[in-house]
Amino acid sequence: MDMTSTIQNVVSDAVNFLYNHTVAPETVQVQPTDSDFSGDYTVVVFPFVKAGRKSPDVIGAEIGAFAQEKLPFISGFNVIKGFLNLELSTAYWQAFLADMLTKSDFGRLPRNGRKVMVEYSSPNTNKPLHLGHVRNCLLGSSCSRILEAVGYEVVKVQVINDRGVAICKSMLAWQKWGEGKTPANSGQKGDHLVGDFYVLFEQKSREEYEVWQQTDAARAIYFEKRKPDQSEPAFFKDYKNKWFNDYSTLGAEVRQMLLQWEAGDPETVALWKQMNGWVYAGFDQTYANLGVAFDKLYYESDTYLLGKDIVEEGLGKSVFYRKPDGSVWVNLTDAGHDEKVVLRADGTSVYITQDLGTARMRYRDFGCERMVYVVADEQNYHFAVLFEVLKRLGEPYAEGLHHLSYGLVELPTGRMKTREGTVVDADDLMEEVQRIAREQALERTDNLASEEDLRKIGLGALKFFMIKVNPKKKMIFNPEESVDLQGQTGPYIQYSYVRINGLMQRVAREGIDLAPAAQYLDIQPQEKELLKALHQFPATIQTAANDYDPSHIANYCYALAKSYHRFWHDLSIFQAPNPEARAFRLELSKGVAVALKTGMALLGIDMPEKM
RNA sequence: GGCUCCGUAGCUUAAUGGAUAGAGCAUCUGACUACGGAUCAGAAGGUUAGAGGUUCGAGUCCUCUCGGAGUCACCA
């Protein structure tokens, strides 16, 4: 049993015994003692004041005495303003450190036999991955690792949006102006190549629109349909979609191509496969570089027709209803939402139909009782509706659905826009942070890092920067700050690990005996701080898993590294006053290294050997 | 306009309803001829947007106001 539960139980017993009052153990508030006070764990005694009918200080003292008598490892306590601070014995801390060092998987829980699916990344195949995908991937893969660490079997999936108008635009542009260009004959990464044709299409389309705006037909439409006082540019800006659908030659060609694709036209399908193939090869490279992976891919081209059977079923269960025109709806007004269409009058699917079908398909594929969707907060409403509908349909996994909603990544100049060329490309970004890490390393006279270590440092800076903030916060991405290597950063944490790595090499070189560590009695405040932090590691992982929030682990790692740097500065290790102290400090350092490496690995950040 | 989310130091941020709101950046001042200075110590910087309320206790919960964002498609 963990320390918090142990203390909760004894306090519950104490209140029952001393004041004849029943308190459920899990409601007892126990927290690590704030570093400004002496003690290791703190119990809040205010809730027992009424039952004890004495002052908080007296009650605290009575519960403290009871706990000290029942639990041999409590060596003392103090009560300050209604807070009972319990102190654990040196023997307890010694045993804790020795025990954690025997476990290579310290902090991780045993398998719980349960399955969870995590969906993340979910790119479109018409352009390369960008900064937004990077945040999504880091959150998704990190959450997967965290859930795995607390015992789940995790199935990582991505939905590939490989069909529709967007990819047809790239295909058409390539067909018209591509001149046979391929990744092989141009040396360009496939996803970038396809993305360039998408941009080219948009450019050609814009040109066509500008020419059209000068025609008599266009001017007639403007004068007929403009709102009062609406300028011509403003009108045509709003009119763009309508124009593309009704008048554009390129628009007609794209729609024709989409129809051919849907009809299974061999030539169109072959081109689609070829260009998507280029994109997948590019994505694989980016994912590998970023350190993320998937167990299963769902292609939208396979799933976009799913969900119609569920609509039929929902009609039978009266969850849905049919309007006179034949379209099918769900009324969620009693849940605070609107009415939503789930099937068009012509019987074709909409976005949510597909998601209903995909959810059930995934459950059949893997039987996960929980499913996590890592999707930006623009889609909060969509997922609220989706989950509500699945609940009403009585799907067995409906209670285990979670939308891991995160804030969009914006630049200091505002939202990224493809059209304005302000999109930060994922590949460029990763290359840039590594370049800066290398540059900074070369400025140091004692540069010891290998190429591989420099890669870890650069990516460590980027990943930590993105994952240290609460996912739901909108993020302003400042490229300069993202590659900071000092302060609250990935490299700061890596540096503490590298320091320990250096110590261990010397231990091995000089054959230093660590056995006397167990005889060390005079634990210093800086050492206690580290022990207390290590003690909290398992609970921190659990909290991160409960909240689907990797930033808890990032903050933990930073705090632990900070404590370690202070310890390093304040206390000599090899010049320790005696062999017991030296051995203990080395063992403690080993423990810190284990927690840091495990914690950072949960964030997808590797530790360099030297830097 | 309806619904949802957000507002903490100049900037970026932390804080299961608990103690004196904790860090980093930037600014200023310092640090051992000792294990690696990508480090450490210190100074300064806060009416937690504002006003009420609940509570022994509120940055956190409730109500209102102000400011910002997202969303309200038979798009995905």
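This briefing describes selected helices of a predicted model and the protein surface near its RNA strand. Helix H25 (residues 579-602) is largely enclosed by the rest of the structure, because 18 of its 24 residues are buried. Around RNA strand B there are 71 residues.

**Surface near RNA strand B**

- Among the 71 residues around RNA strand B, those that come nearest are Arg 344, Tyr 351, Gly 487, Tyr 495 and Ile 573.
- By class, the residues of this surface comprise 30 nonpolar, 24 polar and 17 charged.
- Several elements each supply at least two residues of the surface, including the strands E2 (41-44), E4 (83-88) and E14 (475-476).
- Helices that each supply at least two residues are H17 (380-392), H18 (426-443), H21 (490-510) and H24 (551-570).

- Helix H25 contains 24 residues, and the distance from its first C-alpha to its last is 35 Å, close to the 34 Å expected at 1.5 Å a residue.
- Gly 604 follows H25 and has a positive phi, near 80°.
- Two packed helices are described by the angle between their axes and the distance between the axes.
- For helix H22 (residues 525-535) and H25, the axes come within 10 Å and cross at roughly 35°, and the crossing is left-handed.
- On the H22 side, the contact is made by Glu 527, Leu 530 and Leu 534; on the H25 side, by Leu 588, Gly 591, Val 592 and Ala 595.
- The residues of this contact fall into five nonpolar, one polar and one charged.
- An α-helix has 3.6 residues a turn, so residues three or four places apart point the same way.

**Helix H1**

- The end C-alpha atoms of helix H1 (residues 3-19) are 24 Å apart, which agrees with the 24 Å that its 17 residues should span at 1.5 Å a residue.
- Buried residues of H1 are Met 3, Ile 7, Gln 8, Val 10, Val 11, Ala 14 and Val 15.
- The cover over these buried residues includes strands E1 (30-32), E2 and E4, together with helices H2 (49-52), H3 (56-70) and H22.

**Pro 479**

- Pro 479 belongs to helix H20 (residues 479-482).
- Pro 479 counts as partly exposed because it has 15 C-beta neighbours inside 10 Å.
- Pro 479 and Val 433 are 46 residues apart along the chain, and their C-alpha atoms are separated by 9.0 Å.

Methods
Residues numbered from 1 in each chain as written. Chains lettered and ligands numbered in written order. Predicted model: local features only at pLDDT ≥ 70, side-chain atom pairs only at ≥ 80, totals over all residues. Axes fitted to C-alpha atoms, helices over the stretch in contact; angles between N-to-C directions. Helix = DSSP H or I, 4+ residues; strand = E, 2+ residues; numbered from the N terminus. Left-handed = near helix turned anticlockwise from the far one by under 90°. Contact = placed C-beta atoms within 7 Å. Nonpolar A, V, L, I, M, F, W, Y, C, P; charged D, E, K, R; others polar. Near = placed C-beta within 6 Å. Expected span 1.5 Å × (residues − 1). Buried ≥ 20, exposed ≤ 12 C-beta atoms within 10 Å, placed from the backbone.
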